[in-house]
2 protein chains.
Amino acid sequence: MVPQWIIEKKRDGHILTDEEIRFFINGYTQGTIPDYQMAAMAMAIYLKGMTPEEIAVLTDAMMHSGAMVDTSSLTGPKVDKHSTGGIGDKVSLILAPLAAAAGLAVPMISGRGLGITGGTLDKLEAIPGFNTNLSEKAFIDIIQQCGFSMIGQTGEIAPADKKLYALRDVTGTVASIALITASIMCKKMAEGIDSLVLDVKWGAGAFMRTIEDATTLAESMVRVGKAMNKGMVALITDMNQPLGRTAGNALEVIESIECLQGQHAASDLMNITLALTAEMLVLGHKAATVEEARGNLEQIIASGAAFEKFKQMAALQGADVSSLDDLSKLPQAAIVTPYPAPTSGYLAKVDAESIGRAVLVLGGGRQKTDDVIDYAVGTSGLAKIGDKVEAGQPLVTVHATAQDKLDQAMAHIQQAFDIVADPVTAPKPIVARITG
Amino acid sequence: MVPQWIIEKKRDGHILTDEEIRFFINGYTQGTIPDYQMAAMAMAIYLKGMTPEEIAVLTDAMMHSGAMVDTSSLTGPKVDKHSTGGIGDKVSLILAPLAAAAGLAVPMISGRGLGITGGTLDKLEAIPGFNTNLSEKAFIDIIQQCGFSMIGQTGEIAPADKKLYALRDVTGTVASIALITASIMCKKMAEGIDSLVLDVKWGAGAFMRTIEDATTLAESMVRVGKAMNKGMVALITDMNQPLGRTAGNALEVIESIECLQGQHAASDLMNITLALTAEMLVLGHKAATVEEARGNLEQIIASGAAFEKFKQMAALQGADVSSLDDLSKLPQAAIVTPYPAPTSGYLAKVDAESIGRAVLVLGGGRQKTDDVIDYAVGTSGLAKIGDKVEAGQPLVTVHATAQDKLDQAMAHIQQAFDIVADPVTAPKPIVARITG
């Protein structure tokens, strides 16, 4: 096979064979197909698309380019969740212990934050002592002991994706449904799971700006998972405003623990978390319906079992668990300043991107992959769209470690809110459920 | 400016600005924009196209990436011809001395053959002593003395094109009207000419397989030349059968000399050559109409001035001119074998590609750029479409230096001809004239 003939075939809108796709991905991984041929191919895929069958083969080829987690020693249904990422998205910290407490095995391999989007590993590492860098053996051992573990990549999972993702970033080929689907799914499928629930975000703080685009991506990922014989459900959820009331690492740990304890949970966060976890339970045959699953989950929270499960995992991963019982032991920022509502009325906009940028300039995120994160900073007590507010009432509280960073953050915070005179309806946290 | 943003703009079908195109080509030439970004851009250009204005800027940017010939010391109109290439295309060897004898300055920079397509430099080098590797000063001096010179590149003309052409070859982005136009025109415009006549071939032996595709390319090149204030005319000519009666380097020199002397010229070759040269004369204000120009050219041939002009140039470029008066001094092949017509009838097909492949396997062309050419081999006495033939009559004569190569060539020759019972109309050598 000749690489440029395969490029030409896709360029002309034809369907590539299984062998052609695997030849291209294997060659690219091994370096016999250079970056420039992959770049031309990526642009051809971007502009001509791929069929669901082609995307499934691409995903499988990229998955087989590297290591796979061996979960064969785990008993019980292995189910995970993946989110396309957003501001204040601490769902994994609540969902994973809930699903484990309900009897699932959750082998959750997560990533770090970049730009305005946070990462689960960074949030967990805000807990003193928490170790996300475990061997595969330790990972499997912890899942066997407490039903779940939350870590970063063990072996080199999907090196083809790592190379291709960096190339797409500089060749204008990021926003391709085929390439996004394969990139996400090749890594999740390498986890050795039976089923996967997808949280596909839409809106101003998400990669997919419209419900239509988010739905297209969700349908593509669900199709690929099903083609690989996995149980699949995707929910399309709102990311126009941040999820819950906090953004920033330690602050999100605190909000997650409050949710696990059944305290003052923001309704959008709990709605989405319970809906996603319920889908996992149904896929893992721990409940017949999502309604039944949801009842079970609420009982697990009320019993204290959810929080206990989280502490059990944290202890196994080296955390100082006393910091979870006494949250004042978590990193705290020196400057805590509320941002008051300039007028009275109803909140019409709480812009996720502006809040994300505020957290980033506070030091709670990364501009570059090697930036060091300040776990203490962020925002809390965020008002939500539809809230009735009085002039002077705090719309959000900013946690900063230095005055100049606070000032920079406040410039973004001021952009985040619109207050109008007439009542505003709160957005629906979940707008669609995709099953195939 | 950020390269990937410019790629994304073209990917989305938008029109690039002058600055964006120049930034990209300059960056690519200097190496600050890597191959993989150029590959993605080339695929985006292939699939989304460029406006005539964008192509003109691309051409100008690529032209300015390297050296330009300084023709300011030449008096009189500077006019050249470019052909998109084909089998048996020795037009330049006849046209250039004719145009010079008619009073034009012809600074002709030509290329070498690759694959089944021959090259003017190789044909000239079949003449003992002929030197195509001259300095720019020698080139200009010879044009001042005899009105024309025929050489290879002097300085590094259009290095951006050299890099981009090699990249397009391996990334499935060769057949783009925008990229072909810029590639051809940037090199011709660097010759410092006032006007250019284009011979755009269509058919089985040409890059453009249909009249429509050839016309689209011709229109694009004429538009770009006019945008750069050059006089431009393109003729769309037939390349389904080889041009004239010979293919192969020394054999084509012999046919060219016969044409310059007004002897037994194949009608398609002389029609096309005189039509192209006449267009050059009109563009260079040496004649008011192509009819008038054609009359002048026929007179120049009849007077012997055309052949004298060719000998004058050859002598200035180091050739042993006695070989032009005694053609037996040109390289000759040991084995000369006619291919007889298998049946009687009318020739319906004389496939240019098959004849080209025969010459290639005989050693008269290059499979790779560093292959050494055998000037003596090739084909002569080719019958033409529409000819009435008798069984056993030679359809072509094959000149070979070894029996095994003759056998390989004959396998291609057998594929070249179709003989039918009913009369066949000869194809029109010139199917269209494009002026804007």
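Leaving aside residues up to four places away in sequence, K188(B) touches D80(B), K81(B), H82(B), I109(B), I193(B) and L196(B), where contact means heavy atoms within 4.5 Å. The model is predicted, so local features need pLDDT of at least 70 and side-chain atom pairs count only at pLDDT 80 or more, while totals for chains, interfaces and linings use all residues. Residues are numbered from 1 along each chain as its sequence is written, chains are lettered from A and ligands numbered from 1 in the order in which they are written, and side-chain values use heavy atoms, with hydrogens and water left out.

K188(B) belongs to helix α9, residues 177-189 of chain B; helices (H or I, at least four residues) and strands (E, at least two) are DSSP runs numbered from the N terminus. With a relative accessible area of 6%, K188(B) is buried. Here buried means under 20% relative accessible area, exposed over 50% and partly exposed in between, with a 1.4 Å probe and protein chains only. The side chains of K188(B) and D80(B) are joined by a polar contact of 2.8 Å. Such a contact is a pair of N or O atoms within 3.5 Å; within protein, one must be able to donate a hydrogen and the other to accept it, and residues adjacent in sequence count only if both atoms are side-chain atoms.

Turning to the backbone, A158(B) is not a glycine, yet has a positive phi of about 45 degrees. A158(B) sits in the loop between β3 (148-151) and α8 (159-171) and is buried, at 1% relative accessible area. N229(B), also a residue other than glycine, has a positive phi near 65 degrees. The loop between α10 (211-227) and β5 (231-238) holds N229(B), which is exposed at 71% relative accessibility.
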